[in-house]
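Here are my notes on this model, point by point. Please read them with the structure open.

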Amino acid sequence: MKTAAYLRVSSEEQARNGLGIDSQKAKIIELAKEKKLEIGEFYSDEGVSGSLRERKGLNKLLSDIENDGISNVLTYSLDRLARNLALSILIENEFKKHNVKLYTVL
């Protein structure tokens, strides 16, 4: 089973307020240890709104799920993946289609 992690910050202010990439990564690594999962790759988007579908890191993650058999995705919270309902549903459907289990810190 392949495991990946997704991180995102939309602004410098968000990073300064404790939700920076490094902070998210540390918490996700703790979660992986707790779940006995080994993260193979980290995907990230920095300075990009979660309401946008077109994000380099997210697009690569979804492509790798389809092509490389990723079966687990870890992220800090659901709002790191998407900030609107329509996009959340789209991503959730892609995960379900490929039997991907999602784990969140929060």
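1. One term first: contact here means heavy atoms within 4.5 Å. Keep in mind also that this is a predicted model.

2. Start with Ser 49. Which residues does Ser 49 contact, leaving aside its neighbours within four places in sequence? They are Arg 8, Ser 10 and Arg 55. Ser 49 sits in the loop between S2 and H3. Leu 81 is 32 residues away along the chain, yet the two C-alpha atoms are separated by 9.8 Å.

3. Next, the sheet. What is the strand order? The sheet is open and has 4 strands, in the order S2-S1-S3-S4, with parallel pairing. Strand S2 (39–46) and strand S4 (101–104) stand at the edges. Each has a single partner strand, so one side of each is left without a neighbour in the sheet. From one strand to the next, the twist averages 25°.

4. Now the pairing of S1 with S3. Strand S1 covers residues 2–9 and strand S3 covers residues 70–75. They pair in the parallel sense over 5 bridges. For a reference point in the viewer, take Thr 3, which stands opposite Asn 72 in S3.

5. Helix H3 (residues 56–68) packs on the sheet. It touches S1, S2 and S3. The direction of H3 makes about 150° with that of S2.

6. Helix H2 (residues 21–35) lies across S1, S2, S3 and S4. H2 runs at about 155° to S1.

7. Gln 24 lies in helix H2. Is Gln 24 buried or exposed? At 0% relative accessibility, Gln 24 counts as buried. Not counting residues up to four places away in sequence, Gln 24 touches Leu 7, Arg 8, Val 9, Leu 19, Tyr 76 and Arg 80. Arg 8 is also among the contacts of Ser 49.

8. On to the largest pocket. Its volume is about 180 Å³. Which residues line it? The lining consists of Leu 78, Asp 79, Leu 81, Ala 82, Ser 88, Ile 91, Glu 92, Phe 95 and Leu 102. By class, that gives 6 nonpolar, 1 polar and 2 charged residues.

9. Where does the lining come from? Helix H4 (78–81) and helix H5 (85–97) each supply at least two residues of it. H5 gives the largest share, 4 residues. Leu 81, part of this lining, is the residue whose C-alpha atom was set against that of Ser 49 in point 2.

10. Two backbone angles deserve a look. Most residues other than glycine have a negative phi. Lys 36 has a positive phi of about 60°, although it is not a glycine. Lys 36 is found in the loop between H2 and S2. Its relative accessibility is 75%, so Lys 36 counts as exposed.

11. Asn 99 is the other case. Its phi is positive, about 55°, and Asn 99 is not a glycine. Where is Asn 99 found? Asn 99 is in the loop between H5 and S4. At 65% relative accessibility, Asn 99 counts as exposed.

Terms used. Residues numbered from 1 in each chain as written. Predicted model: local features only at pLDDT ≥ 70, side-chain atom pairs only at ≥ 80, totals over all residues. Heavy atoms only, no water. Pairing = 2+ DSSP bridges. Axes fitted to C-alpha atoms, helices over the stretch in contact; angles between N-to-C directions. 1 Å grid on protein atoms, 1.4 Å probe; cavity = no way out; pocket = protein on both sides within 12 Å on 5 of 7 lines; lining within 4 Å. Points joined across faces, edges and corners; volume = space filled by probe spheres on them. Nonpolar A, V, L, I, M, F, W, Y, C, P; charged D, E, K, R; others polar. Buried < 20%, exposed > 50% of the residue type's maximum accessible area, 1.4 Å probe, protein only.
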